[in-house]
Amino acid sequence: MTTVAENKSGLAILFILFGVLAISVNDMLIKQLSGQYPLHELVFLRSVLGLAFSVFLVQMEGGWRILKTRQPVLHAIRGLLIVAANMSYFAALAALPLADATALFFAAPLLITVLSIPILGEKVGILRMTAVLVGFCGVILMQRPWAGADTLEASRLVLLLPVFAALMYALNQLMTRKLGVSSKASALSVYIHMSFIVVSLGFYLVAGDGRFAAGTENASVEFLLRAWIWPVGIDWWFILGMGANAAIIGYCLSQAYRIADAATVAPFEYVGLPLAVFWGWLIFAQLPVWEVWAGIALILGSGLFVFLREQQKARVVARGPIKRR
């Protein structure tokens, strides 16, 4: 017979797998639309639709009362960190192959391990720290520091955008772990979508006419600051799909980490790497170069090793000290 904890872990794994699948589809749609629309417009439309879906889930999980919180500042900071992570990562998608950007973003679990030392006061053993260093070697390898600018898909600054996104995501995870969040998954999703809406409207007020994008040759900058245009034709279906995915992502990830420990759930996020390679090949006819394949292997291997070590440590702590008779 399975225990309640085992059932919750299995359910959490299902939630994270659905969430990661939705993330991969969302990234593919963002990249597909990045040549026509500005990023802040796509984020706004995606979040409005995602908010509508999330409000429906709020009603299912208890009604409007679950949106009340005693930690509004925490939710605001958490929202801004997620917005910074997503906006910088999406901007990179306009110029980088999908697999490259996704693999660089997966430096986040490694950054969480490193930053947990000064922020949470956690102890990281030599084996985990060695694995983290191996993972960072994969990040450096994917940056190809020996290559000339004319042989890279994008500028050095654009190559750093997914790494910056990973840093923002890692800080968000650590802040949530340190301060704690006692909200329903649908409420967490609502807070995130509201943060995206506020920030994207701010971009519209400042740069919605496209004046800051004039004359730029950088695909990421143009994507970020291009003028708003009214979506046409099939693009509306893509945007609707982004909205549905936004709600699924916000709910599934929040729910997964609410009902099971991170050491159980987090390794399954790496399913996003092969999914990114698949969509990049199927939709954009792009396959990673050998440096990216090698970097993916290093990041994936080190990340999984770190999580397995954390899970082993958690089990030892849960069992407690052995009593000698």
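**Getting oriented**

Tutor: Of the chain's 325 residues, 50% count as buried, where buried means under 20% relative accessible area and exposed over 50%, with partly exposed in between (1.4 Å probe, protein chains only). This is a predicted model, where local features need pLDDT of at least 70 and side-chain atom pairs count only at pLDDT 80 or more, while totals for chains, interfaces and linings use all residues. Residues are numbered from 1 along each chain as its sequence is written, and side-chain values use heavy atoms, with hydrogens and water left out.

Student: OK, how many helices and strands are there in the chain?

Tutor: The count is 13 helices and 0 strands. Those are DSSP runs numbered from the N terminus (H or I, at least four residues, for helices; E, at least two, for strands).

Student: How do α2 and α10 pack?

Tutor: Helix α2 (residues 39-61) and helix α10 (residues 235-259) meet at an angle of about 50°, and their axes are 7 Å apart. That makes α2 oblique to α10. Oblique is what remains once you take out roughly parallel (under 35 degrees), roughly antiparallel (over 145) and roughly perpendicular (65 to 115). Axes here are lines fitted to C-alpha atoms, for helices over the stretch in contact, with angles from 0 to 180 degrees between N-to-C directions.

Student: And α2 with α3?

Tutor: The axes of α2 and α3 (residues 72-93) come within 11 Å and cross at roughly 125°, so α2 and α3 are oblique to each other.

Student: Switching topic: is Asp100 buried or exposed?

Tutor: Asp100 is buried, at a relative accessible area of 5%. Asp100 sits in helix α4 (residues 98-105), and 7 of the 8 residues of α4 are buried, so α4 is largely enclosed by the rest of the structure.

Student: Which residues form the nonpolar patch on the surface?

Tutor: Phe278, Trp281, Leu282, Ile283, Leu287 and Trp293, with about 610 Å² of accessible area together. Areas come from the Shrake-Rupley method with a 1.4 Å probe, and for residues only the protein chains shown count as cover.

Student: Which helix gives the most to the patch?

Tutor: Helix α12 (residues 272-284), with 4 residues.

Student: Where does Leu287 lie?

Tutor: Leu287 is in the loop between α12 and α13 (290-319). Leu287 is exposed, with a relative accessible area of 54%.

Methods: Patches are made of residues with over 30% relative accessible area and no salt bridge: like charges are joined within 9 Å, nonpolar side chains (Val, Leu, Ile, Met, Phe, Trp, Tyr) within 5 Å. A salt bridge is a side-chain nitrogen of Lys or Arg within 4 Å of a carboxyl oxygen of Asp or Glu.
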